Amino acid sequence: MVRVSSVSAGDETGVVAVVAAGTTLADWVRRAWDEGRAVLPVNPAYTRREVTNLLERLRPTHVVGADGGEPSAFPGGVPAPGGTAAIVATSGTSGAPKGV
């Protein structure tokens with residue numbers, strides 16, 4: 001996890017998963033950081049099953065779809081530690097997504 005002290009002053013930070021690309025992704029990264037949230041970028045080329053699996057394992061607090069609309073609350077979402085700016089999903093050697 002990338003930590004930036006100015007992103008959140010609290011003990012926990014909301015996490016916005018953004019399933020979008022290009023300027024929509026860049027706009028959401030800036031907006032999330034302005035709001036003190038962390039960002040979890042999700043490749044919009046992933047299949048619906050891959051996106052669902054990633055979201056269920058990493059449990060962001062909100063999700064922005066490929067249309068770039070307003071974020072929806074994600075049931076059972078878990079905040080990140082305060083000061084987290086971004087979470088990058090990787091499968092590493094396990095083959096299962098995890099956030100770093």
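Start with the largest nonpolar core, which has 13 residues. A nonpolar core here is a set of buried Ala, Val, Leu, Ile, Met, Phe, Trp, Tyr and Cys residues joined through side-chain atoms within 4.5 Å. Buried stands for under 20% relative accessible area, exposed for over 50%, and partly exposed for values in between (1.4 Å probe, protein chains only). Select Val15, Ala17, Leu40, Val42, Leu55 and Val63, the members that touch the most others. Then colour strand S3 (15-18), strand S4 (38-41) and helix H2 (48-58), each of which supplies at least two residues of this core. H2 gives the largest share, three residues. Helices (H or I, at least four residues) and strands (E, at least two) are DSSP runs, numbered from the N terminus.

This is a predicted model, in which local features need pLDDT of at least 70 and side-chain atom pairs count only at pLDDT 80 or more, while totals for chains, interfaces and linings use all residues. Residues are numbered from 1 along each chain as its sequence is written, and side-chain values use heavy atoms, with hydrogens and water left out.

Next, centre on Val42. Which residues is Val42 in contact with, leaving aside neighbours within four places in sequence? They are Ala17, Val18, Val19, Ala20, Val51 and Leu54, where contact means heavy atoms within 4.5 Å.

Now turn to the charged side chains. The structure holds four salt bridges, each defined as a side-chain nitrogen of Lys or Arg within 4 Å of a carboxyl oxygen of Asp or Glu.

Select Arg30 and Asp27, whose side chains form a salt bridge at 3.4 Å, N to O. Both sit in helix H1 (residues 22-34), and because they are three residues apart there, about one helical turn separates them. Arg30 is partly exposed at 49% relative accessibility, and Asp27 is partly exposed at 40%.

Move to Glu70 and Arg31, a salt bridge of 2.9 Å, N to O. This pair links distant parts of the chain, 39 residues apart: Glu70 lies in the loop between strand S5 (62-64) and strand S6 (72-73), and Arg31 is in helix H1. Glu70 is exposed, at 55% relative accessibility, whereas Arg31 is partly exposed at 31%.

Last, show Glu35 and Arg37, which meet in a salt bridge of 3.3 Å, N to O. Glu35 is partly exposed, with 40% relative accessibility. Select Arg31, Glu35, Arg37 and Glu70 together: salt bridges that share partners join them into one network.
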